[in-house]
Amino acid sequence: MIAWMIYVVAVTLLLSGAALLAEQAVHQRRGPRRWIWALAIVASLLIPTVISSVTIELPNLFTPAVSQKIVVLRESASLRLPFIAPAAVHLAPQADMATTIKRAWLAASAAIALGLLVSGAVVVRRKRHWRGTQMSGTEVLVAPDTGPAVVGLLRPRIVVPAWLTCADTTQQDLVIAHEQAHLDAFDPQLLSVALCLLILMPWNLPLWWQLHRLRRAIEVDCDARVLRHKRNLADYGATLLAVGQRQSGYLGAAAAMSESASFLEQRIRIMLKQPARWNRSAAAALACLSLATATIAAQIMPPNAPQAPAAIGSMAGSYLATGNNLLVVTGAGEQLRIALREHGPVDMVPAGDGGFSIPSLKIDVSVTRDPRGRVGALVLHIPGQPDLVAKRIDDAAAARFKETLERKVAQQTASPGTEAALRRLFVQINATPIQFDGIGPELAEAMRRQASAMRARLSRLGAVKSIEFIGVAGNGADKYLVRYEHGSAQWVLSLDEQGLINTALVGP
């Protein structure tokens with residue numbers, strides 16, 4: 001979850017840079033800016049979501065029979081961020097953190113949505129106390145200390161402050177022309193849609209900066225439209241300063257003429273700037289840089305993309321693990337399931353670096369491959385237990401294993417040599433140092449780590465009095481009831497093809 005959020009922020013930052021370059025390119029040609037930032041906001045939401053989750057089918061038009069080619073978009077990306085880990089969450093604390101983040105995300109989105117609704121309700125309530133009048137031939141609302149601005153979404157209205165009714169007609173004409181330009185360009189609706197989109201990802205801080213740039217671009221574009229109608233630049237600049245010197249009441253997300261002094265100065269400089277001789281070349285260069293930056297953003301791999309397509313290929317098959325545990329992997333691509341004897345079929349998902357994860361069991365799975373890249377074994381990393389190594393076997397060997405196992409479980413007869421191996425194991429455990437002859441390497445490693453606890457338990461039970469075979473476990477291991485001087489315990493034991501002990505479990 002966190003890795004995906006970092007990926008989204010990285011894409012948004014690159015798209016913000018691309019939009020900033022595009023805005024500078026448009027500035028050289030005195031073109032509209034607001035659509036650049038509107039597109040950046042939409043792209044910042046769509047590109048990470050689409051690339052992470054969408055699979056498309058492309059028609060192959062160059063074959064006699066038109067066929068479909070399936071393309072997973074996240075696998076078409078080619079740039080991996082070095083500071084995010086690929087793929088999925090597989091540890092319990094991480095899963096809990098992801099749940100907490102999702103809840104915080106929903107809470108933040110709900111809070112912003114509620115804030116917008118409350119802000120709109122406050123404006124509606126205040127509008128009831130504003131009087132209507134005519135100014136420069138346009139219907140307006142007059143408020144004591146609010147405006148000039150456009151309020152409302154479905155039926156936006158121009159609101160002006162009371163002091164403007166006492167201003168000269170030139171200022172009134174220019175203020176109304178500015179706000180009418182907002183209405184004609186549907187700026188209030190554009191700003192409202194952008195705010196609603198931010199509700200989807202309120203934690204994406206670069207997205208808020210894009211909204212800030214959009215609001216500024218809306219005002220700059222509005223200035224250009226006003227001056228395009230042969231308005232006097234000096235009078236318009238003086239009107240902006242006059243409006244800026246008076247603080248307007250809060251109107252939330254409304255398109256307002258009043259802005260900070262620094263931005264008013266910037267707007268006036270933009271209006272005064274004369275085109276340079278080289279602006280065509282500069283605009284072309286900036287446009288190319290913007291396109292290149294946006295392309296890089298689209299090429300970043302999401303964290304759920306496998307590091308290499310081969311990491312998922314040729315996984316289906318049977319794997320025989322220590323202790324006669326047969327694991328069966330089915331499916332293809334990322335739709336993989338692994339059948340475990342104790343749990344049944346469970347999902348197995350790519351987890352980066354060619355590995356996998358079993359999220360429902362919180363187990364990581366690493367893969368070993370032969371020189372040709374074919375999967376040779378799976379290693380299950382089980383929390384609190386020794387690694388379980390499962391070597392790949394062919395279908396014929398898997399069928400023979402299943403047949404032998406079913407026959408042995410049905411007959412409930414002990415395998416030759418298991419009782420002798422168990423008696424020998426007791427001697428080896430009590431030896432100093434502990435002996436590992438005739439014991440498989442995985443079991444030997446587990447016994448080394450648990451030697452002191454195992455010896456302490458067996459010493460409390462005392463000497464062995466008798467060993468009795470009591471049946472066959474579901475995995476084909478032999479079960480023995482061992483009676484000691486001070487109690488009894490059940491042992492489960494199995495041997496591999498070389499006669500080495502590969503399973504030795506003691507129960508109550």
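Trainee: Which residues form a nonpolar patch on the surface, and what is their accessible area together?

Mentor: Ile2, Ile6 and Met97 form it, with about 240 Å² of accessible area together. The areas come from the Shrake-Rupley method with a 1.4 Å probe, and for residues only the protein chains shown count as cover. This is a predicted model in which local features need pLDDT of at least 70 and side-chain atom pairs count only at pLDDT 80 or more, while totals for chains, interfaces and linings use all residues. Residues are numbered from 1 along each chain as its sequence is written, and side-chain values use heavy atoms, with hydrogens and water left out.

Trainee: Why is Met97 called partly exposed?

Mentor: Met97, which lies in helix α4, has a relative accessible area of 44%. Buried means under 20%, exposed over 50%, and partly exposed in between (1.4 Å probe, protein chains only), so 44% falls in the middle class. A patch takes residues with over 30% relative accessible area and no salt bridge, joining nonpolar side chains (Val, Leu, Ile, Met, Phe, Trp, Tyr) within 5 Å and like charges within 9 Å. A salt bridge places a side-chain nitrogen of Lys or Arg within 4 Å of a carboxyl oxygen of Asp or Glu.

Trainee: What makes a group of residues a nonpolar core, and which residues have the most contacts inside the largest one?

Mentor: A nonpolar core is a set of buried Ala, Val, Leu, Ile, Met, Phe, Trp, Tyr and Cys residues joined through side-chain atoms within 4.5 Å. The largest has 33 residues, and Trp4, Tyr7, Met201, Trp203, Leu211 and Leu214 have the most contacts inside it. At least two residues come from each of α1 (2-29), α2 (34-53), α4 (92-127), α6 (187-198) and α7 (205-228), and α1 gives the most, with 9. A second, separate core of 23 residues includes Ile467, Val482, Ala489 and Leu493. In soluble globular proteins, nonpolar side chains tend to be buried together.

Trainee: Why does Asn204 count as buried, and what polar contact does its side chain make?

Mentor: Asn204 has 0% relative accessibility, so it counts as buried. Asn204 sits in the loop between α6 and α7, and its side chain pairs with that of Thr12 at 2.9 Å. A polar contact is a pair of N or O atoms within 3.5 Å; within protein, one must be able to donate a hydrogen and the other to accept it, and residues adjacent in sequence count only if both atoms are side-chain atoms. The 2.9 Å pair is therefore within the limit.

Trainee: Which polar contacts join the side chain of Thr503 to Ser494 and to Asn502?

Mentor: The contact with Ser494 is 3.0 Å, and that with Asn502 is 3.4 Å. Thr503 belongs to strand β19 (residues 501-506); strands (E, at least two residues) and helices (H or I, at least four) are DSSP runs, numbered from the N terminus. Thr503 is buried, with a relative accessible area of 8%.
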